[in-house]
Structures are given as structure tokens and as C-alpha cells.
Amino acid sequence: MPISKKWVILIPVVAGVAALMALKQSSNPPLQEARQEQARLVRVIRAPSLDVIPTAQGHGTVRPSRTWEAVAQVKGKIVEKLPALQKGAILEAESLILRIDPADYELAIAQAEADIQATRAQLDELAAKASNTEASLKIEQSALGLNRKELERKRQLVGKGGISRSDLESQERSLLAQQQSVQAQVNTLNLFPSQKALLEAQQARHMATLASARRSLANTEIRLPFTSRIAEVNVEQGQYVREGELLVAADALDKAEIEIQIPITQMSHLVHAGRPIDVLNLDPGDALQQIGLSATATLRENGLSASWEARFARLSDTLDPKTRTVGVIVEVDEPYANVMPGRRPPLVKGLFVQVTLAGKARPDSLVVPRSALHAGRLYVVNGQQRLEIREVEVEMLQPGFATITAGLQPGEQVVISDLVPAIQEMLLKPVQDPATEQRLARLAAGEQTP
């Protein structure tokens with residue numbers, strides 16, 4: 001290669017290297033800026049102090065508060081059946097629904113009345129005999145007195161030789177005979193009380209037989225004791241029934257009751273009294289007032305939505321050892337009232353409904369969303385806008401919120417958004433969430449806001 005061409009290539013390379021060295025010697029080193037901490041955006045609420053109404057929910061099946069079963073108390077053939085007596089029919093109180101053939105019991109009444117009349121006649125006859133015997137006794141006693149006087153006179157005459165010894169003995173025999181006659185009358189009178197007692201016992205037995213026959217006759221008519229809905233009919237007209245057979249079953253319409261299962265912990269939050277209660281000696285009305293529970297039954301099924309005002313009636317007799325729940329029974333008055341076809345059905349037996357129990361209000365309770373709790377801790381924004389992870393004491397857990405007794409002050413900012421990872425003293429940028437605060441207030445007031 002010619003020398004001129006080599007210089008053409010080397011001169012630009014040498015110039016570039018020289019320029020690069022000159023720039024490096026004359027330039028300043030780059031400036032490093034300090035790393036700035038980035039604030040995490042979080043949603044917060046200011047912890048409110050509210051009047052809290054504790055609630056608990058359960059589900060149960062509706063059943064009538066009273067049921068009635070017509071069991072045959074007498075035997076016989078069904079001679080009358082109410083045409084409307086069908087399963088599902090609603091019948092008024094005192095409706096005659098069945099009649100059993102009364103002929104046998106009417107005959108038993110007639111026989112018992114005849115026996116009573118006969119016994120009364122025997123008592124009258126005995127009373128007449130007693131009166132006659134008393135009169136005869138008086139006559140015999142008078143004759144006895146005369147015989148005694150005659151005997152004394154003859155005894156005096158015998159000493160004077162006026163009569164013979166045989167006349168005296170004859171008079172003595174006459175006196176003894178008269179005494180025996182008097183004693184016979186007395187014995188007859190002594191038998192009358194026992195004979196009267198026997199007849200009176202017979203009369204009492206006949207009266208009992210008559211009462212039993214009349215009761216049996218009354219039991220041939222079967223009437224509803226209260227306005228009812230017929231649940232079961234097991235008999236037809238002309239059918240022979242025996243004592244003890246179940247004929248009809250009916251449910252009362254005035255009240256319905258629902259039994260639900262509530263966990264013990266929730267029940268302890270609902271039933272909160274300021275003083276001890278003597279359960280054994282407390283009037284039921286006072287007990288309900290002191291417990292202070294209210295209830296609402298709600299049906300939501302296939303587009304239907306209806307609610308009924310209920311009341312706490314009583315607790316079940318046992319505690320479920322498996323689920324650790326207690327049975328609570330509530331009552332609903334007039335479950336068939338205000339029915340709107342297609343919109344509000346009657347509260348009939350077998351409906352599966354939700355029951356919400358509400359206790360007495362607890363004033364000035366510090367409330368936070370339940371989702372803001374993290375294993376007994378809350379995320380709180382301090383005055384430097386940094387995160388504090390605090391241990392708190394929870395008094396009561398409810399479906400949508402919790403009440404705090406220690407570890408938090410009213411008005412402090414509580415983080416309600418998910419914060420992962422949550423690092424103590426990390427910088428935060430809090431944004432208030434008024435919708436959550438309003439929802440929390442409604443939940444605390446007992447409203448079932450989803």
C-alpha cells in the first residue's frame with residue numbers, strides 16, 4: 001500500500017484519540033442525587049365513636065307456635081264430617097269437624113239415670129221404714145213400761161197371797177217377750193244407717209257412671225279449639241274409629257315461631273345486662289325486658305323479599321356441644337296478615353327464613369371495619385404520615401365491624417386498604433374514604449348493609 005494512503009487512515013484515528021483525552025481531562029464528574037422515599041397511597045378512615053347495636057343472624061324453619069291433635073277418646077262410627085275438613089283448609093275456632101255415633105252413649109246415659117232413680121226410690125223406702133220402725137219402737141217401749149208396772153204390782157200381791165206364783169212367772173215371761181220385741185225394733189233401726197250408706201254409695205256410683213256417659217257423649221263431637229289450618233286428616237265419614245286413634249292434626253294461625261342457632265360468643269354480646277338476673281325467680285315479662293332483644297324475620301327466595309317483625313321468646317333447653325351454639329326461639333304475631341299474592345307470602349310452616357337479633361345499644365364504642373384487623377393489630381397513620389402497627393384489644397366482633405377497647409383513640413386514621421408489605425414507619429399518603437365511614441355508621445346502627 002502506498003505511504004500516502006496509510007496517513008489518510010491514521011490521521012483521523014490519532015485526532016479522535018487526542019480529542020477524547022482532552023475532553024476527559026477538562027470534564028467534571030457526574031453529580032449523584034440522594035434517593036427519595038416514595039409514599040404509599042392508602043385509603044383511611046378516622047376511627048369513629050358510635051352507638052353500636054350488636055346483631056347476630058341465624059336461619060331456621062318456620063313452625064306454628066301451637067299444634068293440636070284430635071285423638072279419638074271414644075269408639076264408634078263417624079256419622080258426620082265437615083265437608084271443608086281437608087288438608088290445608090283454614091277453619092274457625094269451635095267448628096264441628098267430626099261427630100262419632102252417639103247412640104251407645106245416649107243409651108248409657110239413660111241406663112245410668114234409671115239406676116239413679118231406682119236408688120233414690122230405695123232410699124225413700126228406707127227412710128219410710130226407719131220412720132215406721134221408730135214409731136213401732138215407741139209403742140213397744142210404752143208396752144214394756146206397762147209390763148214392768150204390772151210385774152211390780154203382782155210381786156206385791158204374791159207376798160200378800162193375792163195371786164199365785166204361776167201368775168207372777170207368767171208376767172215375767174210377758175215382760176221378757178216385750179223386751180225382746182223392743183230390742184228387735186232397736187236392732188232394725190241400727191241397720192238402717194249401713195243400708196242407707198250402701199244405697200248412697202250405689203247412687204254415687206250411678207252418678208259417676210252418668211257423668212262418664214255424658215262425657216263420652218260430649219267426646220263424640222270433635223271441635224277445633226282455635227282457628228287453625230288443617231295439617232292432617234286420617235278419617236272419612238262412615239269409618240269406624242277406636243280410642244286413641246289420631247283423627248286430625250291442626251296448626252294455630254295466631255303465632256309462628258322460628259328456632260335459630262347462635263354461637264355462644266355472639267349471644268354473649270347480644271345479652272348484656274348491667275346487673276345479675278335471678279333467672280329462676282324472674283317473671284318472664286321482666287326477663288324479656290331486661291334482656292332487651294329485638295328480632296326480624298326475613299324471607300329472600302326466588303325474587304320474593306318480605307320481612308316480619310318478631311320478638312325474642314325464649315332460649316332452647318340445651319346447648320349444641322358440637323357447634324357450640326345455643327338455640328334461640330323467636331315468635332311472629334299474625335303470620336298470615338298483610339299477604340300480597342306474588343309479593344308477600346304468608347309466613348307458613350316450613351319456610352326457611354333468616355332471623356336477625358339485635359341487642360341493646362352500647363354507647364360511645366370505638367368502631368373499625370373488621371377487614372382492617374390483621375391478627376389483632378391495626379395499621380394506623382401517625383402525625384408524620386408514617387405507618388404504626390399497633391396491638392389492639394377487640395371487645396366485640398360483628399359481621400362488618402369490630403369494636404376496640406384499647407390501643408386506638410377516636411379520630412385516629414386507620415388504614416383500610418390492603419398494604420403489602422406493611423413495614424413499620426413506612427411513609428404513607430392517606431386518602432379519606434367517606435363511603436366506608438358511612439357504611440360503618442349504618443352497620444353500627446344495626447342496618448344489614450352488605
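Is S136 buried, partly exposed or exposed? Select S136 in helix α2 (residues 103–160); helices (H or I, at least four residues) and strands (E, at least two) are DSSP runs, numbered from the N terminus. S136 is partly exposed because its relative accessible area is 30%, where buried means under 20%, exposed over 50% and partly exposed in between (1.4 Å probe, protein chains only).

The model is predicted, with pLDDT of at least 70 needed for local features and 80 or more for side-chain atom pairs, while totals for chains, interfaces and linings use all residues. Residues are numbered from 1 along each chain as its sequence is written, and side-chain values use heavy atoms, without hydrogens and water.

Next, select strand β4 (residues 67–71). W68 and A70 form its covered face, and T67, E69 and V71 its uncovered one. Show strand β11 (residues 246–252) as well: β4 and β11 run antiparallel, joined by five bridges; two strands pair if DSSP finds at least two bridges between them. Opposite V71 is L246 in β11.

Move on to T436 in helix α6 (residues 434–444). T436 counts as buried because its relative accessibility is 17%. Beyond its neighbours within four places in sequence, T436 contacts R43, I45, P369 and I416; contact means heavy atoms within 4.5 Å.

Finally, select the whole protein, which has six helices and 23 strands. Buried residues make up 34% of its 450 residues.
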